[in-house]
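Keep the viewer open and follow along.

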Amino acid sequence: VGLSRNDSAQLVESVLEHMSDALVRGEQVKISSFGTFSVRDKSARVGRNPKTGEEVPINPRRVLTFRPSHLMKDRVAAGNKG
């Protein structure tokens, strides 16, 4: 593309920063032929310590999710065959 290593790194960092900012605002980030990143709100619930069996409250939180595109799924599946 004709960019130096530093210019390429700055470009990638800029794109990732814009993606992160959009996700913080609760927006979806779609990358064509790759997939979709989104943020999901999980509500509070009661968990269990597997060692002791003690119930532990789990606080509500936001989690990042990724859904691969069909093209990405097909490409990964094709890689598993050979």
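Helices (H or I, at least four residues) and strands (E, at least two) are taken as DSSP runs, numbered from the N terminus. The expected span of a helix is 1.5 Å times one less than its number of residues. What you have here is a predicted model, where local features need pLDDT of at least 70 and side-chain atom pairs count only at pLDDT 80 or more, while totals for chains, interfaces and linings use all residues. Residues are numbered from 1 along each chain as its sequence is written, and side-chain values use heavy atoms, with hydrogens and water left out.

The table puts their spans side by side.

| Helix | Residues | Length | First to last C-alpha | Expected span |
|---|---|---|---|---|
| α1 | 5-24 | 20 residues | 28 Å | 28 Å |
| α2 | 70-81 | twelve residues | 17 Å | 16 Å |

Burial is worth a look next; buried means under 20% relative accessible area, exposed means over 50%, and partly exposed is in between (1.4 Å probe, protein chains only). In α1, the buried residues are M19, A22 and L23. Looking down the axis of α1, you'd find its buried residues within an arc of 105°, so they line one face of the helix; the arc is that of the directions from the helix axis to the C-beta atoms. After α1 comes G26, with a positive phi near 90°.

How many of the twelve residues of α2 are buried? The number is zero, so α2 lies largely in the open. K73 sits in this helix and is partly exposed, at a relative accessible area of 41%. K73 and F34 are 39 residues apart in sequence, yet their C-alpha atoms are 8.8 Å apart in space.

**The three-stranded sheet**

Strands of a sheet pair through backbone hydrogen bonds, either parallel or antiparallel. For the pairings below, two strands pair if DSSP finds at least two bridges between them. Three strands make an open sheet here, in the order β1-β2-β5, with antiparallel pairing. The edges belong to β1 (29-31) and β5 (61-68); each has a single partner strand, so one side of each is left without a neighbour in the sheet. On average, neighbouring strands of this sheet are turned by 25° against each other, direction ignored; the axes are lines fitted to C-alpha atoms, for helices over the stretch in contact, and angles run from 0 to 180 degrees between N-to-C directions.

β1 pairs with β2 (residues 35-42) in the antiparallel sense over three bridges, and V29 stands opposite F37 in β2. The hairpin of β1 and β2 has three residues between the strands, and S33 takes a positive phi near 65° there. On to the β2 and β5 pair: eight bridges join these antiparallel strands, and T36 has R67 in β5 as its bridge partner.

S38 also belongs to β2 and counts as buried, at 18% relative accessibility. Contact means heavy atoms within 4.5 Å. Leaving out residues up to four places away in sequence, S38 touches L23, Q28, V63, L64 and T65.

**Where helix and sheet meet**

The buried residues of α1 pack against β1, β2 and β5. A nonpolar core is a set of buried Ala, Val, Leu, Ile, Met, Phe, Trp, Tyr and Cys residues joined through side-chain atoms within 4.5 Å. Which residues form the largest nonpolar core? There are five: M19, A22, L23, V29 and F37. α1 gives the most to this core, with three residues. In soluble globular proteins, nonpolar side chains tend to be buried together.

β3 (residues 45-48) and β4 (residues 55-58) pair in the antiparallel sense over four bridges. In this pair, G47 stands opposite V56 in β4. The β3 and β4 hairpin has six residues between its strands, and G53 in the turn has a positive phi of about 80°.

Apart from its neighbours within four places in sequence, E55 is in contact with V46, G47 and R48.
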